[in-house]
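I want to look up how the chain is put together and jot down what turns up.

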Amino acid sequence: MTTALLSTTYFGPVQWYQKLYRYQQVLIEHHETFVKQSYRNRCLIATAQGIQALTVPVVHENHDSIDKIRISDHGNWRHLHWQAITSAYGDSPFLEYYEDELRPFFFERQWEYLIDFNDAICRKMCDFIDIHPHFSPTLYFSKNGDFIDYRSGIHPKHPDADADFQPKPYYQVFSARHGFLPNLSILDLVLNMGPESIFFL
């Protein structure tokens with residue numbers, strides 16, 4: 001059985017969910033040192049102005065393990081993220097169907113740890129897409145093992161080449177303005193394609 005090793009993600013990109021869907025077994029890294037400017041606390045959405053990054057502020061020491069990273073309340077970010085998402089996808093076909101289940105991530109409950117927040121988001125996204133992956137946390141940090149390591153390769157600024165991921169174009173709200181924008185947050189796929197999202201993984 002082939003295993004994929006993934007970092008935790010905040011509304012991770014389509015590529016990340018493709019791995020979650022296609023591999024028989026997936027490990028989510030819980031013991032690496034936190035990596036700044038990565039999908040661990042950042043997602044990319046499509047807006048009228050182009051791609052916008054949404055970043056969850058965190059509190060951490062220099063060598064904190066990812067499972068000890070706390071979410072900060074700095075900057076009213078929950079309201080700003082929700083406002084950005086609803087503004088960007090207000091004309092998408094499926095926001096109205098999913099917004100009642102998305103809103104609690106920003107207003108009704110506050111998670112202390114980033115990894116728990118990301119895990120809850122991942123499970124909700126899997127429900128929306130109707131996929132049932134087998135994933136579990138790592139028990140320790142490993143540089144080598146019987147797995148395919150995507151922890152550093154799926155990255156917003158410096159992605160590794162991935163022959164197994166060829167983005168499939170789908171409808172996007174602002175495609176007439178910007179063309180198709182590949183590998184954005186899973187939110188972009190789900191809010192534009194709804195139940196058909198699984199066909200693009």
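**Ground rules.** I'm working on a predicted model, where local features need pLDDT of at least 70, side-chain atom pairs count only at pLDDT 80 or more, and totals for chains, interfaces and linings use all residues. Residues are numbered from 1 along each chain as its sequence is written, and side-chain values use heavy atoms, with hydrogens and water left out.

**Confidence.** I checked pLDDT (the predictor's confidence in each residue, from 0 to 100). The protein has a mean of 94, and 99% of its residues reach 70 or more. Confidence is lowest in strand β5 (residues 58-59), with a mean of 93, and highest in α6, at 98. For my labels, helices (H or I, at least four residues) and strands (E, at least two) are DSSP runs, numbered from the N terminus.

**Sheet.** I looked for paired strands, meaning that DSSP finds at least two bridges between them. There is an open sheet of 4 strands in the order β7-β2-β1-β8, with parallel pairing. β7 (135-137) and β8 (148-149) are the edge strands, each pairing on one side only. I zoomed in on β2 and β7: 3 bridges join these parallel strands, and Val26 stands opposite Phe135 in β7.

**Hairpin.** How many residues sit between β3 and β4 in their hairpin? I found 2 residues between β3 and β4. The two strands pair in the antiparallel sense over 6 bridges, and Arg42 stands opposite Thr55 in β4.

**Helix α2.** Next I listed its buried residues (buried is under 20% relative accessible area, exposed over 50%, partly exposed in between; 1.4 Å probe, protein chains only). They are Trp77, Arg78, His81, Trp82, Ala84, Ile85 and Ala88. Down the axis of α2 these buried residues fall within an arc of 160°, so they line one face of the helix; the arc is that of the directions from the helix axis to the C-beta atoms. Their cover includes β3, β4 (50-55), β6 (70-71), α3, α4 and α6.

Leaving aside neighbours within four places in sequence, Met125 is in contact (heavy atoms within 4.5 Å) with Phe11, Tyr17, Leu102, Ile186 and Leu187.

**Single residues.** Is Gln18 buried or exposed? Gln18 counts as buried because its relative accessibility is 3%. Gln18 is found in helix α1 and, neighbours within four places aside, is in contact with Asp164, Phe165 and Leu201.

I also noted Gln37, a non-glycine residue with a positive phi near 55°. Gln37 is in the loop between β2 and β3 and is partly exposed, at 43% relative accessible area. Asn76 has a positive phi near 55° too. Asn76 lies in the loop between β6 and α2 and is partly exposed, at 48%.
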